Amino acid sequence: MDFIYLIVGSAIILTCFYFVVSPFFSRNEGRSSETDSWESTLTLDSVYSAVNELEMDYLMKKIKEKDFLQLKEQYQMIATELVKQEGKPKRETNNNVSQAEEAELELLRELQKLRKKKGRSS
Amino acid sequence: MYLIGNITLYLGIVIAAYTIIANVIGIRKQNNKWIESARGGVLSLLFVSLIASFLLLYLLGTSQFQFEYVAAYTSHNLPMVYKLTAFWAGNAGSLLLWTVLLSVYTAMLVFSKEKQNSMMPYVSSILSLNILFFFVVMILGGNPFAMTETIPADGKGLNPMLQHPGMILHPVTLYLGYVGLAVPFAFAIGALILRRMDAEWIKLTRRWTITAWLFLTLGNMIGGWWAYLELGWGGYWAWDPVENASFLPWLTVSAFLHSVMIQERKGMLKTWNISLVILSYLLTLFGTFLVRSGVLTSVHAFGSGPLGTYFLIFMAFMMLFSIYIVISRYQLIKKESIPIESYFSKESSFLLNNLILVAGAFAVFWGTMYPLISESLKGTKINVGAPYFNSVMAPILLLLLLLMAVCPLIAWQKATVDRFLKNAIWPFAVGVLAAIILVVVGVKGTFAIIGLASTVFMFATHVQEFLQGTRARMKATKENIAKAIYKLTRKNQRRYGGYIVHIGIALIAIGVISSHAYPEDILKTVERGENIAIGDYVLTFNGLTEQTENGNGIVTADLKVDYNGKNVGSINPEKIFYETWPEPSTEVAIKTNWKEDLYVVLSSWENSEKITLQVKVNPFVSWIWIGGGIMVFGTAIALIGGRTNSTGLLKAFRAGR
């Protein structure tokens, strides 16, 4: 009986040894430890959700209309800039429409698209 | 068996030490193979701790009394479920439970989709250090696989009070909470070492922290329910040192879960959040130290021994290590932290909530440690007991209820006093109306009335939040009411899950305040056919019976119960004389309706015709358990669908984009 326990004990040790040692014999180099994949990224999505939250606060009468409009405008400016950045190469080829106008249109299109896709959020 | 069990423990020490070293080498040499090998080490730790656990379960289930632990906590006639739950009935088994849970958590982390994150080797090292400590402690003072010198014919059996369904859930849920707090701690320290002061570590640990908090809540609730049913004194919370030890991290993590939102949205309170996470983790070690040191008298304590000293040393080491890391990065944290700008804002209200929660934690800590403090200063151990805790914690909890009533009414951006007051009028009026009704119907006790009215105020605030949110959504989207409520919650699960948790707390508060302020209690000796009248109840004693079941003697009193003059059946309090235990165990009989519990304890008897009963009517106790269930439900909602807010928006705002 002791013999069986000895075999089982050895198997446990060998399994652990395998887990620890196998990476050194693996051909797969694996990805090197990634560093800063996470950033405090600003996306149109996050602007959109912030605007929605603001709108809900306004509709729930937690903020004044004046503050709501002012903040909404600020968010729209951020969104405009985001859209501008995203669409920069495309716009360089089109000289007929002013950049600001195009950005506005694109912003509206993007927001419309997101609204359709996600529904309104609180 | 002995050989395999001990191989797993010693192997655990070697592998945990190796995992730390491999991680350090991998970090220093920037060599992924070493990091991968350390990951293999974590897998091995999971492997050996699982083998050790299944082995112990097998030994317990098959009554292998040649093992000390099995002989000390089980016996032949113990039902199988309690043989298995004896796993965590003693010191050695509970240490193994810690170890296996910690190994599971660590493996989940290092094999998660975030495994390539540069913080992970640090996290893995810190968690492996904890695992190493537990394996070492098991070898030094709590080996579950130690053998007896002579094999006893039967084991000592399990304490009858532990033979209860609470034993299956309470320790495991609490341990899941305790162990879970090591994860945010490890991430916070990892982020500090890497000098990454952004909110990434918070984002990565949000679900872990909420899960740990959920389990701590569940553990405390189940513990209270178990004590209420099993201990026979009619209460659910005794301010026992070990109960307090599990309440302390609950308070600090509650504070953290709120303040973390401020860091995510506004980049404020960075030092505070890191301090709270470190404190919460240290408090879990403190709780474990209390249970194992025997320095304080507690129904939960495993008794005195050297284990307490080991925990004290480890706690001191981790504390000094954390303090060093925080101090060495303090300027960086401070530089990147944004101060609170407005006194009337969401962030200042959250900070106030945090200060109150931490003050509560300090008051509980002080009361818990006072016997030790008084002994070291005056030479005599002075226990402060429940009166101290009730008088100190009652105003603190009242303040928290009031804050929960007002905080949701404050907007995240551009909060103004006049808007807040407009929104607060209705909930406040409902609270005042509740106070007036209570006074009119003859309810006594100023503090209890204030507490109940504040709870109603808080409840009304949350109802208003749901109603206004639904109305706003209906107005904006033309959805029907059911869809609007569903979508409102679904689209911001974190906020509305939190609100549901608050509603659960409101129910608990009503239960706690009412059962403390308005209990009825009677101790009376009756003969067969005699009555006991209490509240709306009349109990008639019909006789005492004795029987034997599984070798245990059971004495049962039969009582007819009338409620408001109407027969509502019978109630049967018991005393059980266990074969393997010197003292009899009390089995409380409870009849519950929506507003009160009839709670009957068979105290003693002269013969089968004459008994002494302790009868209580505890108002609204069932609301505590319902409130606990609602809290768990709300936490689950916040946990499943919540997402972190982008600090990028804040940066853009601040940059004036």
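Chain B falls into four parts: domain 1 (1–158), domain 2 (159–335), domain 3 (391–518 + 623–654) and domain 4 (520–621). The model is a predicted one. Start with domains 3 and 4.

The C-alpha centres of domain 3 of chain B and domain 4 of chain B are 39 Å apart. Their contact draws 8 residues from domain 3 of chain B and 6 residues from domain 4 of chain B. How much area is buried between domain 3 of chain B and domain 4 of chain B? The figure is about 620 Å², and carbon and sulfur atoms give 60% of that area. Interface size is often stated in this way, as the accessible area lost when the parts come together.

Which residues matter to that figure on the domain 3 side? B:S515, B:Y518 and B:W623 supply 63% of the area that domain 3 of chain B buries against domain 4 of chain B.

Two helices of chain B, α19 (493–517) and α20 (621–641), each supply at least two residues of the domain 3 side that touches domain 4 of chain B. Of the contributors to that side, α19(B) gives the most, with 4 residues. By residue class, the domain 3 side that touches domain 4 of chain B has 5 nonpolar residues, 3 polar residues and no charged residues.

Next, follow the strands of chain B. Strand β4 (residues 552–563) pairs with strand β6 (residues 574–577) in the antiparallel sense, over 4 bridges. In β6(B), B:I576 is the bridge partner of B:I554. β6(B) also pairs with strand β7 (residues 585–587) of chain B, again antiparallel, over 3 bridges. Which residue of β7(B) stands opposite B:I576? That residue is B:S585. B:I576 therefore has a bridge partner in B:I554 and stands opposite B:S585, within strands that pair when at least two bridges are found between them.

Finally, turn to the salt bridges. The count over all chains comes to 11 salt bridges. In one of them, the side chains of B:D418 and A:K64 meet at 3.8 Å, N to O. This pair crosses between chains. B:D418 sits in helix α16 (residues 417–440) of chain B. A:K64 lies in the loop between α2 (44–59) and α3 (65–86) of chain A.

Terms used: Residues are numbered from 1 along each chain as its sequence is written. Chains are lettered from A and ligands numbered from 1 in the order in which they are written. This is a predicted model: local features need pLDDT of at least 70, side-chain atom pairs count only at pLDDT 80 or more; totals for chains, interfaces and linings use all residues. Side-chain values use heavy atoms; hydrogens and water are left out. Domain bounds come from an automatic or database domain assignment. Contact means heavy atoms within 4.5 Å. Buried area is the accessible area (1.4 Å probe) that two parts lose on being put together, summed over both. Ala, Val, Leu, Ile, Met, Phe, Trp, Tyr, Cys and Pro count as nonpolar, Asp, Glu, Lys and Arg as charged, and the others, Gly among them, as polar. A salt bridge is a side-chain nitrogen of Lys or Arg within 4 Å of a carboxyl oxygen of Asp or Glu.
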